[in-house]
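Work through the exercises below with the sequence and the 3D structure open. Each task is followed by a solution in steps.

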Amino acid sequence: MDPDTNDIISFQELSLDKENELEELEEEDELEEYVTVGFLEKPKHPKFLLRHRFPSKTGGAPAWLDPLDLPTGKSSICDFCEEPLQFLLQIYAPISDKESTFHRMLYVFLCPSMICLLQNQYEQWKHREEDPRRSVKVFRCQLPRFNAFYSSEPPRRDGNDKPLIVGAALCSWCGTWKGEKVCSSCKRAPYCSKKHQARHWKSGHKIQCHQIIGNLETNSSSVLREKPPDKVACRLWPEYEMVIEDECAFDLEGSEDISCETSSLVPKHVTDDTYQFLLDKFEADDNKKSWASFQERISKCPSQVLRYSRDLMVNPLWPLSIGRPSLVNIPKCKYCNGSLCYEFQIMPQLLYYLGVKNDSDSLDWGVIVIYTCLASCESNVRYKEEFTWVQLYPTAPVT
């Protein structure tokens with residue numbers, strides 16, 4: 001294991017020992033309040049995940065709510081390796097009692113490097129509100145019902161729905177971030193960064209570039225337009241539609257309806273020595289109770305990839321007793337200085353759908369918890385960055 005990684009883990013363990021004032025933030029068990037859970041299914045058609053359908057989804061490219069004023073610069077990169085972040089998921093979460101939140105979308109981006117995720121966890125204990133370093137970032141975007149981008153009427157879902165305007169040109173490599181740079185030769189391929197431009201050139205744009213230049217005379221008035229998410233050059237995480245259900249609906253289903261194959265957090269065919277190491281470790285420490293409670297709660301609907309609730313009485317569902325934040329770890333809203341509240345958490349089951357390998361250096365997490373502005377405040381920043389907390393599993397020894 002890399003020496004820096006050992007330092008991170010050592011710092012984490014020392015810090016976790018000091019974070020036992022959890023009674024300030026939550027009870028030992030999550031209160032039985034209103035929670036919805038998210039499941040994934042393949043979309044019936046890619047058009048169902050376009051931005052004017054306001055989708056909740058994972059993988060692929062984001063369906064930006066505001067298609068023009070996108071996050072740029074440092075907001076779009078991992079603060080450790082400085083690579084552009086990869087889109088993980090988005091949740092459509094309007095708040096009905098505010099005009100400004102008639103449309104409201106939350107976006108999660110993640111660096112796929114496990115080393116960066118370990119550094120992210122190391123940094124989150126430092127209480128740095130001024131310039132926090134993160135490999136996981138969440139953005140909130142909201143619009144009133146009457147806006148410049150979408151009809152004020154609900155989507156008809158008859159195939160004729162369209163956004164009112166064309167969005168910004170997106171990166172030709174990732175299809176995710178705004179293409180503020182263009183190829184110096186053809187002037188037609190936009191990029192979010194020099195790194196993505198170089199990768200696209202090596203992967204085939206060098207040939208395409210000459211073809212574009214040769215065709216410019218026949219289409220000299222063309223302009224850069226919003227790039228369809230399914231036409232990007234790089235390999236993104238698999239795209240799924242997220243279906244939201246009330247967790248209480250599963251209380252009515254008998255446990256006998258849940259097969260042995262699906263009732264476990266980790267499917268049998270991916271259970272290995274690392275997972276057994278976790279079980280053995282939990283037998284020996286206080287995490288056993290938290291893990292058992294976590295497993296019992298998710299066994300109602302084991303394929304859930306997300307848990308959501310803005311109910312102030314609901315707390316995150318933690319798989320471990322260590323590594324949870326206390327009140328001092330949760331900052332104020334950076335835009336209005338108001339309180340943040342728990343809104344949703346990303347479950348480890350999502351890793352299976354992403355096709356993440358089960359190697360020692362592969363991406364992994366216990367839960368990723370998202371806290372957002374309680375007031376869902378307004379500001380002149382269209383995409384407001386919210387707060388994330390990552391809880392990782394204990395690291396298995398390298399043999």
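pLDDT is the predictor's confidence in each residue, on a scale from 0 to 100. The model used here is predicted.

**Exercise 1. Confidence and overall make-up**

Find the mean pLDDT of the protein chain, then locate stretches that fall under 50.

Solution. Step 1: the mean pLDDT of the protein chain is 81, with 76% of its residues at 70 or more. Step 2: over residues 8-31 the pLDDT stays under 50, and the model has 45 contacts beyond four places in sequence for them. Step 3: residues 223-230 also have pLDDT below 50, with 22 contacts beyond near neighbours in sequence. Step 4: the protein chain contains six helices and 12 strands. Of its 399 residues, 48% count as buried. Step 5: among contacts with a separation of 6 or more, 76% are between residues 24 or more positions apart.

**Exercise 2. The surroundings of Arg 51**

State where Arg 51 lies, whether it is buried or exposed, and what its side chain reaches.

Solution. Step 1: Arg 51 sits in the loop that runs between strand S1 (36-41) and strand S2 (57-58). Step 2: its relative accessibility is 6%, so Arg 51 counts as buried; the cut-off for buried is under 20%. Step 3: the Arg 51 side chain reaches the backbone oxygen of Ile 165 at 2.7 Å. Step 4: Trp 64 is 13 residues away from Arg 51 in sequence, and their C-alpha atoms are 6.0 Å apart.

**Exercise 3. Helix H5**

Check the length of helix H5 and decide how its buried residues are arranged around the axis.

Solution. Step 1: helix H5 covers residues 287-298, which is 12 residues. Step 2: the buried residues of H5 are Asn 287, Ser 290, Trp 291, Phe 294, Gln 295, Arg 297 and Ile 298. Step 3: viewed down the axis, these residues fall within an arc of 165°, and therefore line one face of H5. Step 4: Lys 289 and Glu 296 are exposed on the other side of H5.

**Exercise 4. Cysteines**

How many disulfides does a search of the whole structure find?

Solution. Step 1: a disulfide is a covalent bond between the sulfur atoms of two cysteines. The cut-off is a sulfur pair within 2.5 Å. Step 2: for Cys 192, the closest cysteine sulfur is that of Cys 171 at 3.8 Å, too far for a bond. Step 3: for Cys 333, the closest is in Cys 377 at 3.7 Å, also too far for a bond. Cys 333 counts as buried because its relative accessibility is 4%. Step 4: the search of the whole structure finds zero disulfides.

Terms used
Residues numbered from 1 in each chain as written. Predicted model: local features only at pLDDT ≥ 70, side-chain atom pairs only at ≥ 80, totals over all residues. Heavy atoms only, no water. Helix = DSSP H or I, 4+ residues; strand = E, 2+ residues; numbered from the N terminus. Buried < 20%, exposed > 50% of the residue type's maximum accessible area, 1.4 Å probe, protein only. Polar contact = N/O pair within 3.5 Å; in protein donor to acceptor, adjacent residues only side chain to side chain. Expected span 1.5 Å × (residues − 1). Arc of directions from axis to C-beta. Contact = heavy atoms within 4.5 Å.
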